[in-house]
Amino acid sequence: MPLSDWPNAVAHVDADCFFAACELARSPKLRDRPVCVMSSQDACIVAKTYDAKAAGIHTGMPVWEAKKLLPRAVYIPADFTYYGQVSDKLFAILARFTPEVEVCSIDEAFLGLNGIRGLWRKNFSEIADSIRTTVKNEAGITVSIGISLTKTLAKIASDIHKPDGSMLIPGDDIPAFLAGVKIKNIPGIGRNREALLHKFHIFTAADYSRADPALIQRLLGKSGMDLWHELRGRPIFPVQLANGPPKSMARTASFGQLSSQRDFIAAHLTHHTTRLVTELVRKHYLAQGLSVFLTLKSFASRAEETRFGDPSANIFDFSRAVRDAFARLYRPGELYRGCGVIATEIRPSEERSLDLFGKVDKDYRNERLMATVDTLNKKYGNHTVVMLAAQAVAKRKKGPRFRLPMFEVN
Ligand SMILES: [Mg+2]
């Protein structure tokens with residue numbers, strides 16, 4: 001299917017070594033030295049410059065180990081308030097180029113670029129250069145930019161000429177570009193999916209985009225098909241502007257091992273549910289639907305859908321629904337790889353009907369509760385406050401320093 005060069009245009013902008021770059025921006029005297037940023041208790045490395053990376057330092061490495069490897073580097077405690085300010089500046093600059101800015105993390109955004117060439121009387125390559133120069137001059141950091149027809153292609157492209165580079169992939173260039181991209185570098189293809197696709201001789205993004213859609217559907221379901229279309233230049237994921245909630249929000253993970261243990265899997269589900277509800281509350285969203293799924297050893301997954309009577313971001317509603325769904329999904333003796341929860345039919349919480357004051361009051365208290373949990377976890381580290389049933393997960397991932405029993409999910 002031949003594509004005209006730019007039927008749709010999306011950019012992915014990603015800051016290079018963001019935290020370390022912020023430190024360099026405010027202390028130019030550090031310029032010629034490797035810089036490592038340390039986590040809040042100075043325990044591990046959370047960011048590093050390219051020269052520190054070249055010396056073998058990676059994110060998550062204990063500080064003592066990094067110092068042994070590279071004693072001459074500068075080790076700086078993280079200052080997230082300051083990084084937030086630089087991030088605000090970055091997004092404000094991007095918003096000058098296009099009104100369509102989707103912020104995806106502290107240092108990454110997608111930009112909708114349709115109609116933007118006419119506005120600036122520049123081609124996309126010049127627009128990318130102009131964005132990089134403006135960010136460098138005004139925020140003191142560098143960004144890398146990928147521009148293509150879909151978000152998936154743009155995101156892959158932004159990684160190619162890092163740091164401080166841009167990569168354009170118009171429609172005609174897509175097949176040649178995909179031939180050089182390994183499937184593990186496609187966003188949304190994790191280790192499990194990579195292993196599965198390898199079995200079917202799909203090794204590159206080009207193999208993936210040329211695969212029989214029926215095979216992709218059978219192996220990876222709808223999300224796999226979404227990627228298949230996106231890689232072929234057909235946009236499935238729109239640039240999401242700040243004023244509309246996403247269609248769905250998911251929290252999922254593989255166990256990193258196979259398990260048939262009921263308590264182990266239930267703990268993971270509870271952990272995902274807590275994170276999902278926390279995120280809904282933080283963003284002032286309610287969900288009408290909930291999907292709970294288990295991934296089987298064969299990589300297939302089995303799901304149960306629930307619809308709440310009223311849209312909810314209430315941890316008790318979610319826990320009850322997850323518990324019931326799990327009871328229907330779980331079969332003793334069967335081996336599972338992972339699990340997850342997905343909130344669907346999301347809407348802003350202002351739309352909540354006010355006819356039942358008791359219910360509103362209950363929801364309000366729930367929101368306050370989840371917001372407090374969120375604040376404590378942000379302040380003292382994730383898993384400081386967890387639901388009882390999720391303790392098994394919290395214990396596995398670096399022990400929390402103290403734990404408050406909150407509510408039991410029976
Ligand atoms: Mg980055």
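Tutor: Let's start with Ile57, which sits in the loop between helix 2 (50-54) and helix 3 (63-69). Helices (H or I, at least four residues) and strands (E, at least two) are DSSP runs, numbered from the N terminus. Keep in mind that this is a predicted model: local features need pLDDT of at least 70, side-chain atom pairs count only at pLDDT 80 or more, and totals for chains, interfaces and linings use all residues. Residues are numbered from 1 along each chain as its sequence is written.

Student: Which residues is Ile57 in contact with, leaving aside neighbours within four places in sequence?

Tutor: Those are Cys36, Ile45, Lys48, Ala52, Ala66, Leu69 and Leu70. Contact here has the C-beta atoms, placed from the backbone, within 7 Å. Cys36, not counting residues up to four places away, touches Ile57 along with Ile45, Lys48, Ala52, Ala66, Ala73 and Tyr75.

Student: What makes a group of residues a nonpolar core?

Tutor: They must be buried Ala, Val, Leu, Ile, Met, Phe, Trp, Tyr and Cys residues, joined through C-beta atoms within 7 Å. The largest such core has 67 residues, and Cys36 is among those with the most contacts inside it, as are Ala11 and Phe18. Helix 6 gives the most to this core, with six residues. Apart from it lies another core, of 27 residues, including Leu290 and Phe318.

Student: How do you know that strand 2 and strand 3 pair?

Tutor: Two strands pair if DSSP finds at least two bridges between them. Strand 2 and strand 3 have three bridges, in the antiparallel sense, so they meet the definition. One spot to look at is Val37, which stands opposite Ala47 in strand 3.

Student: What makes strand 3 and strand 4 edge strands?

Tutor: Three strands form an open sheet in the order 3-2-4, with mixed pairing. Strand 3 and strand 4 each have a single partner strand, so one side of each is left without a neighbour in the sheet. Helix 1 packs on this sheet, touching strand 2, strand 3 and strand 4. In helix 1 (residues 18-26), the buried residues include Phe18, Phe19 and Cys22.

Student: How do helix 4 and helix 6 pack?

Tutor: They pack at an angle of about 145°, with their axes 10 Å apart. Axes are lines fitted to C-alpha atoms, for helices over the stretch in contact, and angles run from 0 to 180 degrees between N-to-C directions. The residues of this contact divide into nine nonpolar, one polar and two charged. For those classes, Ala, Val, Leu, Ile, Met, Phe, Trp, Tyr, Cys and Pro count as nonpolar, Asp, Glu, Lys and Arg as charged, and the others, Gly among them, as polar.

Student: How many bridges join strand 10 to strand 11?

Tutor: Eight, and the two strands run antiparallel. They form a hairpin with four residues between them, and Leu290 stands opposite Thr306 in strand 11.

Methods. A residue is buried if 20 or more other C-beta atoms lie within 10 Å of its own, exposed if 12 or fewer, and partly exposed in between; C-beta atoms are placed from the backbone. Two residues are in contact if their C-beta atoms, placed from the backbone, lie within 7 Å.
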